[in-house]
Amino acid sequence: MDVGDDDVRLVLVQTFKRASVGDLEHERLAVELASTYAQTENQKAFGVEFVRLLKFALVVYKREPEVERIIDFAARFAASFNTDDDEHDCLDNFFTFFVDFLLKNHDAQNKAVRFRICHLVRRLFAQLGDKAVLDEVLDGLCDIMLERLCDRVSTVRQQAALALTHLQDPVDPNCPVTAGFMHLLERDPYPEVRRAVLLSLSPSLRSLPYMLGRTRDVHESVRKAAYEVLAKTVHIDGLKIAQRVSLVRQGLTDHSQGVRNTVRSRLLPAWLQSLNGEPLALLSRLDPESDIDASFLVLRALFANRACDVKREFAMLHEGYICSISSKNSSNSDDLFCVDNIRKEMIAQQLVCLAKYLDLSDEAGRHKLLTTVSHLLSDSFLPLSLAPPLASLLFTLETLPDRRLQLVAEIVSELRDPFPVPQPIDAETIRHDELELARLRVRMHEMGVTLDSCVQAKEYERAAELKTELGRLQTSLETLKKQSDLIALDSTHEVEQKSDPSSLLRCLALLEELLKGCHPGTAISPILLELLNTLVLTGVTSEDPQVREVAVRCLGGIGLLSCPVAFQHLPLLLQMSQLDEEQVRVAALHSIFDFIQLFGLEALEPHDPRGSPTGDLKLDELEDSPKEHVEKAMATNILKLLTALLDSESAEICAVTSEGFAKLQACGRLASPRLLSRLLLLWHNPSAPGGTKLRSCLATFFPGYAAACRSNRDVLANSLLPTLRTLHSAPISSPLASVEPLKVVRLVVGLSDTSPSNTRQWNSVLAQEDMSVHESLALQLCNALLEELNDPETKEAKTSWWTIVLLKALAMLHVSGTEHSTMQHLQNMLQRIKAGTGDRICKQLAKKAMTNLCKNVQAARDCTALSTDGLARSAPSN
């Protein structure tokens, strides 16, 4: 029986109402509506009415549940017509009509329509699944979704990405869907879009680098999604070792707790499950021999919420005897031997770390463990990698500082001054001497018997000859005995003190661990001074750069205990910071800046060797008059040497030097606008060698420095003009020529602004200061402008790049207006500047600066009037 148009309209309205209530009967409603469609006289009219009712949902942008259900039902109903029978080719097929509607309206002006069209396509493909018939109709939907990937609305791009999930071909290197996804992953500014793309992208050799890159995304949700997708879709063997190590290191040290939990609960269990739950198999794929820290992070994450038997989980521990690791056969070129030794070293390190968690309350057990550790450290064949953990364990067991130092001195003495070693003697020589001694004794015994017989027979002449012969034999016997004794003494000789790199490194590593537990200001004992002279200074002069690096760190640690010792060896450290290998120079710079930060440069003065813990040094004053400060000339020269390192080509040296000067400025040891200007230029220089480490350090330093106190903000404000002058005079070939000067101005103005509009960045106490830093800065800028306008070279031009920058900087300031005389002086200077400029742009900028100044002055007067009025009202009446 055919169904009329009115009946179709009624059925469709009722069906849409029922579909919006709940989704449990969507399947039954779709079947009933399909039956109605088959009985309809005018199927085209059915489609038109269906679309008309659907449009009411398409214009709703908000994620309403009723609208979501209607979209789901419409997609389910349309998908039921996509079959491979003959009806698919009919011109009036509902599925073709429905897709044509989507193709015509996907680029509507209304963002809600575009969003809902993408939503419909997404649900349609989800309903079709694997039984979708790939033809020109579906290819058209794919094309419009690729267009929507470039939509200006982020939610539309998000839905388009989700809709294209099943239409990508990971095997095809020219797949347009994959290309669009990778473009969005790399360029889209909205995190929800990047996250949707991650959830939709199929892993392949082409897309895997982009997925790994999102683990370093700036937004937490994207990083979490990246780890979830990698855990679900990428096998651990599909990643390179460096990629696995990078993933666990970044994920388990991420600043977001949610990301760390995702790595612990999703990524690591997925990897462990793919390896049949064997932790050792997981460790073997992380290359613990080359990066043991990443392995530590993984093990802690795996066993954090799970009690386990360490011996059961790690059956290899019983092989980890430290004594079996020997460097005697280090010359062995067998690769298997080297790998086995590396494996044993790693196991030994784990055993040493586990020893810290033993029950140390038992005195006898603790003493036995302490003796064992001391003997191991005294072993000259102990691998160098085990010296630091064993030293740390030694100092955990022994808590008394004096006893610790005594143990270190004893171990160092045993390592560098071993006992005399007996030398082998020729066996033939020994045998010959023994036989000769025996022959002489027998001969003397026989002659003695003959002599007695001659005396009894009264043959005195014969007895005299025998006595003379017996004396010669006695002399020969004594001579032979002396020779044998000399040979025995020569068989044992004294061994010279060891100065080879291996022995020095082991001793210095032990001393460095000891110094880590010493607090600055601790008195230096004679034993430590002896170690400084015999061990540390010997290591400083070693030819091995690794030995020199550790020796310099030890020298810095000892210097922190005593100011005289620190500055006694400061020239040596300065020399090494200029001329040595990079790692040695870095260690020396750390020690130098630690000395200056702890003791201050005033400690260099001859009359005050102990230094002043609170004084600071104004570098600019010393540079202006070095002859008037003879005692402080050494401090100035030191600062000049260190400042020159800011121009070093080495990224590490530049970063360490910048960090050191930032610390000195922050703790009040230095107050130098010129030096602060150098740091500002380094931060903004795009070609600065310090890299990410330098910029991260300065990005943390400047806000904290400005917020600390008023004097710091004064120094920061005074550094603006030198910075701008440097940018102004920079040649075109310099990287500083590309730095935007107004960017520097905004930074300094924002950090030094304590106006009420900026109080959210400041402590309430800071916001109540009487005089703004911007008033003194405004005076500096006005004086610089007047000098520029009165300069004969620029007076005719009446305008310049420098003038425009200074005027724009003036317009950014927020003066407080509390000092009337200062405000009047500023107004007069601005009037002269405005009159002296002939350029229209400069006059407008000067007018803007004056308007801003008057506005702030009026606001300050109104505030003062309100305060005075409030006090008058609150005063008691007579």
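**Close-up 1. His119 in helix α6 of the predicted model.** His119 is found in helix α6, which covers residues 111-128; the model shown is a predicted one. With a relative accessible area of 3%, His119 is buried, because buried means under 20%. Not counting residues up to four places away in sequence, His119 touches Arg63, Glu68, Ile71 and Gln159.

**Close-up 2. The largest nonpolar core.** The largest nonpolar core has 135 residues. Leu511, Leu642 and Leu810 are the residues with the most contacts inside this core. Helix α29, residues 582-599, gives the most to this core, with 10 residues. Another core, of 95 residues, lies apart from it and includes Leu120, Leu164, Leu212 and Val259. In soluble globular proteins, nonpolar side chains tend to be buried together.

**Close-up 3. The surroundings of Leu642.** Leu642 is among the residues with the most contacts inside the largest nonpolar core. Leaving aside neighbours within four places in sequence, Leu642 is in contact with Leu574, Leu589, Ile592, Phe593, Ile596, Thr657 and Phe661.

**Close-up 4. Helix α34 and the helices packed against its buried residues****.** Helix α34 runs over residues 691-708 and has 18 residues. From its first C-alpha to its last, α34 reaches 26 Å, close to the 26 Å expected at 1.5 Å a residue. The buried residues of α34 are Leu694, Cys697, Leu698, Phe701, Phe702, Tyr705 and Ala706. These buried residues pack against α32 (651-666), α33 (673-684), α35 (710-718) and α37 (741-752).

Conventions:
Residues numbered from 1 in each chain as written. Predicted model: local features only at pLDDT ≥ 70, side-chain atom pairs only at ≥ 80, totals over all residues. Heavy atoms only, no water. Helix = DSSP H or I, 4+ residues; strand = E, 2+ residues; numbered from the N terminus. Expected span 1.5 Å × (residues − 1). Buried < 20%, exposed > 50% of the residue type's maximum accessible area, 1.4 Å probe, protein only. Contact = heavy atoms within 4.5 Å. Core = buried A, V, L, I, M, F, W, Y, C linked by side-chain atoms within 4.5 Å.
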